[in-house]
Amino acid sequence: MSQAIEARGLVKRYGPVTAVDHVDLTVRTGDVYGYLGPNGAGKTTSLRMLLGLIRPDEGTAKLFGRDPLVEGARALDGVAGFVEAPRFYPYLSGRRNLELVAALDGGDAPERIDDALHTVDLAKRSHDKVKGYSHGMKQRLGIAGALLRDPRLLLLDEPTTGLDPAGMRDMRVLVHRLAEDGLTVLLSSHLMDEVEDLCDRVAIVTRGQVVYEGALDELIASTAGRYDLRTTDDEAAAAIAHRWFGITNVATTTRGIEFAGDERAVAALTLELAQKGIGLLALVPRTATLEELFFRMTEGTPEPALEAA
Ligand SMILES: Nc1ncnc2c1ncn2[C@@H]1O[C@H](COP(=O)(O)OP(=O)(O)OP(=O)(O)O)[C@@H](O)[C@H]1O
């Protein structure tokens with residue numbers, strides 16, 4: 001069966017800037033897929049190419065096996081989404097705006113308006129003018145507009161950027177709900193915690209290139225094997241750990257010591273510590289957060305701009 005999205009070797013250049021540099025992406029049906037990268041990494045440009053809004057300089061993108069550049073609008077059957085912010089007529093109500101979108105989409109889109117408003121939790125405010133909506137409500141109305149197409153695949157470009165914490169929470173709840181309803185979702189984000197919360201698979205992009213693509217839990221599990229240890233005598237414990245077979249990267253921290261090792265080596269080390277009269281206060285396996293992994297893969301050190309919400 002075709003993948004929901006299959007992009008191969010996508011390249012987009014703007015003068016001297018290579019915004020997207022040989023990007024391969026595979027989004028499987030049912031994935032909630034995070035396209036994660038800092039500002040300027042090429043996320044919006046990639047989504048534009050996937051939606052057939054701009055032409056790649058190289059490479060191909062297929063949605064459910066169909067290339068929008070070859071097959072035109074037909075390739076976008078079952079696909080919806082928006083890049084950057086959705087646009088609406090501010091002096092019309094949310095419902096009236098959706099009616100206009102539905103008229104453009106044709107088919108039975110008008111019949112889906114009530115359901116879409118309900119799904120995005122705007123049914124009660126649907127007769128209010130959009131100019132009175134909060135940013136979060138406008139974003140949710142954008143998703144309602146996308147849902148009128150009865151999509152199987154939804155592409156969302158930084159859907160929570162600029163939202164306040166409550167707006168972010170509502171949007172995340174909505175994405176969870178859509179995923180539970182069986183929609184395949186690709187969302188771009190520069191927020192690690194968001195991707196960790198919502199997505200099961202991820203592509204990490206930096207400077208137009210994918211530096212990791214795969215399952216999020218596998219990525220996080222790949223960092224397993226590190227431990228924090230606190231004992232009744234950390235100095236002596238560190239000295240033993242340093243020369244213990246199978247234990248590596250021993251470092252002293254403010255909380256005690258940390259090291260890497262497989263489970264057998266760690267078990268043997270704890271027995272040795274006990275024999276030497278050193279008591280264990282805590283032995284905690286550490287997994288890296290996505291944020292730590294992201295910086296390790298891209299820069300090595302955190303960039304303040306990336307940490308801002
Ligand atoms: N139409 C354009 N003309 C010239 N340069 C562009 C154009 N669109 C994007 N770029 C450049 O391409 C690079 C990638 O931009 P893009 O908007 O795709 O990144 P992004 O990951 O979506 O970032 P952001 O989170 O800031 O939206 C940037 O250096 C940007 O300045």
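Reader: Let's start in β12: which residue there is the bridge partner of T248?

Author: This is a predicted model, so keep that in mind throughout. β11 covers residues 247-253, and β12 covers residues 256-261, with the two running antiparallel. Look in β12 for the bridge partner of T248, and you land on A260.

Reader: How many bridges join β11 to β12?

Author: The T248 pairing with A260 is a bridge between these strands. Counting up the bridges that join β11 to β12, you get five.

Reader: Which are the edge strands of the open sheet of four strands?

Author: The pairing is antiparallel, and the order reads β11-β12-β10-β13. An edge strand here pairs on one side only.

Reader: Over to the ligand: which element gives the most to the shell around it?

Author: The residues around the ligand include Y14, V17, A19, K43, T44, T45 and H190. β2 (17-27) and α1 (43-50) each supply at least two residues of that shell. With three residues, the top contributor is α1.

Reader: And how many residues of that shell are polar?

Author: Among the residues around the ligand are G37, N39, G40 and G42. The shell has four nonpolar residues and one charged. Its polar residues number seven.

Conventions:
Residues numbered from 1 in each chain as written. Predicted model: local features only at pLDDT ≥ 70, side-chain atom pairs only at ≥ 80, totals over all residues. Pairing = 2+ DSSP bridges. Near = placed C-beta within 6 Å. Nonpolar A, V, L, I, M, F, W, Y, C, P; charged D, E, K, R; others polar.
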